[in-house]
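Okay everyone, have a look at the structure I'm putting up.

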Amino acid sequence: MQPGLNNGARLAAYDIACRRGDRILFKGVSFELAPGDALHLAGPNGIGKSSLIRILCGLLRPYHGHVESTGQIALSDERPALDMHLPLQDALDFWQRIDGAGEGRADFGLENLLDVPVRYLSTGQRKRAGLARMAASGGRIWLLDEPLNGLDTHWGAAAQAAVEAHRAMGGIAVIASHQPLGLSRLRTLSLLDHLP
Ligand SMILES: Nc1ncnc2c1ncn2[C@@H]1O[C@H](COP(=O)(O)OP(=O)(O)OP(=O)(O)O)[C@@H](O)[C@H]1O
């Protein structure tokens, strides 16, 4: 990690259990992440990876346990969180005005698409736009739910390179993914180990 940049980020989960409907999905999930750390959330469909991501960013209340964080959290999931009716540039600018100038260094190859309304973007282009929105937010803690879905080999590698650059700046990444990840020093948390 480069000294002096984005230091102090922290994300910790303590004995988290998740209940959806009348079903406990998982229990006993604990971890602590420091600047530069990356955690891969693994497990089969429906086990609760997206639910855990939502708990970590405060969108879902844990059934048990608690989350502590230091540093702004940025989320990328299946929704790009961009106005479908705006040209991509305007949709990204909306968040830029709210978030202020973020890292903005990740290249997701969007230069030729900035005048295209978000609704006309392809699946992969929309995914890249959502990742670019997250990367530009300046959030020190990235929560990525299936970031490689819809991306071809080139942009899948670019997304992972962006995560590595974020970590090198002292950022933290939590990644729910079915696909193998090529990240360095990657910790893995399998929700299969936390069934009730
Ligand atoms: N609002 C809800 N009410 C009740 N059950 C829900 C709700 N949202 C999700 N679930 C259930 O919670 C379980 C976990 O869903 P979740 O999306 O967290 O799993 P996942 O591991 O991310 O799955 P996938 O790998 O398919 O994306 C699923 O059985 C799902 O049907």
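So, let's start with the sheet: three strands make an open sheet, in the order E2-E1-E4, and they pair antiparallel. Two strands count as paired if DSSP finds at least two bridges between them. In general, strands of a sheet pair through backbone hydrogen bonds, either parallel or antiparallel. Which strands sit at the edges here? Strand E2 (23–33) and strand E4 (64–70), each pairing on one side only. From one strand to the next, the twist averages 15°.

Before I go on, a word of caution: this is a predicted model, where local features need pLDDT of at least 70 and side-chain atom pairs count only at pLDDT 80 or more, while totals for chains, interfaces and linings use all residues. Residue numbers run from 1 along each chain, as its sequence is written.

Back to the sheet. Strand E1 (residues 10–20) is joined to E4 by six bridges. If you want a spot to look at, alanine 17 stands opposite histidine 64 in E4.

Now find helix H1, residues 49–56, lying across E1, E2 and E4 and running at about 125° to E1. That angle is taken between N-to-C directions, on a scale from 0 to 180 degrees, with axes fitted as lines to C-alpha atoms, for helices over the stretch in contact.

H1 also matters for the ligand: three residues of the shell come from H1, the largest share. The residues around the ligand are Arg20, Gly21, Leu25, Gly43, Asn45, Gly46, Ile47, Gly48, Lys49, Ser50 and Ser51. To be near it, a residue needs its C-beta atom, placed from the backbone, within 6 Å. How does the shell divide up? Two nonpolar, seven polar and two charged. Here Ala, Val, Leu, Ile, Met, Phe, Trp, Tyr, Cys and Pro are nonpolar, Asp, Glu, Lys and Arg are charged, and the others, Gly among them, are polar.

Next stop, aspartate 99, in helix H2 (residues 88–99). Aspartate 99 and alanine 136 are 37 residues apart in sequence, with their C-alpha atoms 8.1 Å apart in space. Setting aside neighbours within four places in sequence, aspartate 99 contacts Ala136, Ser137 and Gly138. A contact means C-beta atoms, placed from the backbone, within 7 Å.

The cut-offs are 20 or more for buried, 12 or fewer for exposed, and partly exposed in between, counting other C-beta atoms within 10 Å of the residue's own, placed from the backbone.

Two loop residues are worth a look as well. Most residues other than glycine have a negative phi. Alanine 81 has a positive phi, near 60°, and is found in the loop between strand E5 (73–76) and H2. Glutamate 146 has a positive phi too, near 50°, and its loop runs between strand E6 (141–145) and helix H4 (153–168).

Last, zoom out: the protein chain has four helices and eight strands. Buried residues make up 40% of its 196 residues. And the C-alpha trace spans about 50 × 40 × 30 Å along its principal axes.

Notes. Two residues are in contact if their C-beta atoms, placed from the backbone, lie within 7 Å.
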